[in-house]
Structure formats: structure tokens, C-alpha cells
Amino acid sequence: MRAARLDDLAALAMLFGVAAVLAAALVLQFGFGEAPCPLCLLERVGMFGACFGLMMHFRPGDSVRAAGIGLVSATFLLVVSTRQVLLDIVPRPGHAYVGSAVLGLHMPVWAVVIAAALIAGFAGRLALFGAAPRDARRSPRVARLAGWAGLAVVALAAVNLAAVLLQCGFGECRAAG
């Protein structure tokens, strides 16, 4: 039972971390006027998919499937963000890195770091805690926090969708990089 609680805390920490990154992306989008590029939007989809896998962890049922969804989403995030970094490595006429640097790294590079951390987090949780069936004796405090985090992620997804539609319409926000 102690291992299950540690697994819950690890999943909750991962969920809060990714939700904070998605909230920061909205702050950069509106506070600093940085419209997301098409690949940036795909990176957000990967992060929301990882959040969905983490949210599924807290539902009764198969926790391995939840980890699998999170791993597939994190792998998608890694592929898309690596492609964007590789496109931006060699400067081309009329092309610059998308967005401003945060702590010295541009957002596509941060997305690679986040994807690698998510993959390591999911793999570490599976290696440490395995695929034990979920029991009903979950800490009420952790369950409540997970519920609030899940609602926050759903709200972030809705705000992201509305923001992109308002800022970009049904076309691209920027010319494809």
C-alpha cells in the first residue's frame, strides 16, 4: 500500500509539472504576444496526452494502460519537438527560432527536455511500482488533489483551444517553420 501511495504522489507531481508548463505556454502566448507555431501546437497536444494518461492513473482500473497512453504521448512530444529543434539548428534566410528563450533555452528545446523527463518518469514509475492493481484505499488528500489537478488540465485544454481559435482562427498562427 505504501508503494501505491508513492506511485500516486509521483503521478501527481508529474501532472502538476506538465500543467504548470502548459499554463506557462499560455502566459507566453498572451503576456508576451508569442503566437504558437504549428509544431508548438502539436507539442501541446503531446503534453495534454501525457496529462490524460496521468489523470487516468487516478481512475479505478488498469494503471498500465494509463502509463502506456502517457508514454505514447510523451514519445509523440519527443518526436515533434526534436523535429522542430532540428529544423531550427541551421539558420535559414527569413527564419529564426520560434519564441523567446526561457532560462537560456528556446521552447522547442524545453519541449525535448520535458518529453525526456516524462518518458523517464513513466518508465521509472513502472520500474519502481510495477503494474499493481489499484486499490480503493487511496489517500483522500491525494485523490482530492488529483481531482483538482485534472480539472485544471481540462480547463487549460479548453482555454488553449479557445485561445488558438481566437488568435489564429482555423489557419496557421505563423508560417510553418
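Leu 71 has its place in helix H3. This is a predicted model, and its secondary structure comes to 5 helices and 0 strands.

- Is Leu 71 buried, partly exposed or exposed? Leu 71 is partly exposed, because its relative accessible area is 23%, and a residue counts as buried only under 20%.
- Leaving aside neighbours within four places in sequence, Leu 71 is in contact with Ile 119, Phe 122, Ala 123 and Leu 126.
- Take Ile 119 from that list: Leu 71 and Ile 119 are 48 residues apart in sequence, yet their C-alpha atoms are 5.9 Å apart in space.

**The chain as a whole**

- The chain has 177 residues, and buried residues make up 37% of them.
- Among contacts with a separation of 6 or more, 80% are between residues 24 or more positions apart.

- H3 has 27 residues and reaches 38 Å from its first C-alpha to its last, close to the 39 Å expected at 1.5 Å a residue.
- The buried residues of H3 include Ala 66, Gly 70, Leu 77, Val 80 and Asp 88.
- Which helices do the buried residues of H3 pack against? They pack against H2 and H4.
- H4 has 23 residues and spans 32 Å between its first and last C-alpha, close to the expected 33 Å.
- Among the buried residues of H4 are Ala 111, Ile 114, Leu 118, Phe 122 and Arg 125.
- After H4 comes Gly 130, whose phi is positive, near 65°.

**The nonpolar core**

- In soluble globular proteins, nonpolar side chains tend to be buried together.
- Here, the largest nonpolar core has 28 residues, and the members that touch the most others are Leu 22, Met 47, Leu 77, Leu 118 and Phe 122.
- Helices H1 (2–31), H2, H3 (63–89), H4 (107–129) and H5 (140–168) each give two or more residues to this core.
- The largest share, 8 residues, comes from H1.
- What does Met 47 contact, leaving aside its neighbours within four places in sequence? Met 47 is in contact with Val 18, Val 21, Leu 22, Leu 77, Ala 111 and Ile 114.

**Arg 125 and its two partners**

- How many salt bridges does the structure hold? It holds 1.
- That salt bridge joins Asp 7 and Arg 125, with their closest N and O atoms 2.6 Å apart.
- Asp 7 lies in helix H1 and Arg 125 in helix H4, so the pair ties together parts that are 118 residues apart in sequence.
- Both Asp 7 and Arg 125 are buried.
- The side chain of Arg 125 also joins that of His 57 through a polar contact of 3.0 Å.
- His 57 is found in helix H2, which covers residues 38–57.
- Why is His 57 called buried? Its relative accessible area is 1%, and buried means under 20%.

Note on methods
Residues are numbered from 1 along each chain as its sequence is written. This is a predicted model: local features need pLDDT of at least 70, side-chain atom pairs count only at pLDDT 80 or more; totals for chains, interfaces and linings use all residues. Side-chain values use heavy atoms; hydrogens and water are left out. Helices (H or I, at least four residues) and strands (E, at least two) are DSSP runs, numbered from the N terminus. Buried means under 20% relative accessible area, exposed over 50%, partly exposed in between (1.4 Å probe, protein chains only). A polar contact is a pair of N or O atoms within 3.5 Å; within protein, one must be able to donate a hydrogen and the other to accept it, and residues adjacent in sequence count only if both atoms are side-chain atoms. A nonpolar core is a set of buried Ala, Val, Leu, Ile, Met, Phe, Trp, Tyr and Cys residues joined through side-chain atoms within 4.5 Å. Contact means heavy atoms within 4.5 Å. The expected span of a helix is 1.5 Å times one less than its number of residues. A salt bridge is a side-chain nitrogen of Lys or Arg within 4 Å of a carboxyl oxygen of Asp or Glu.
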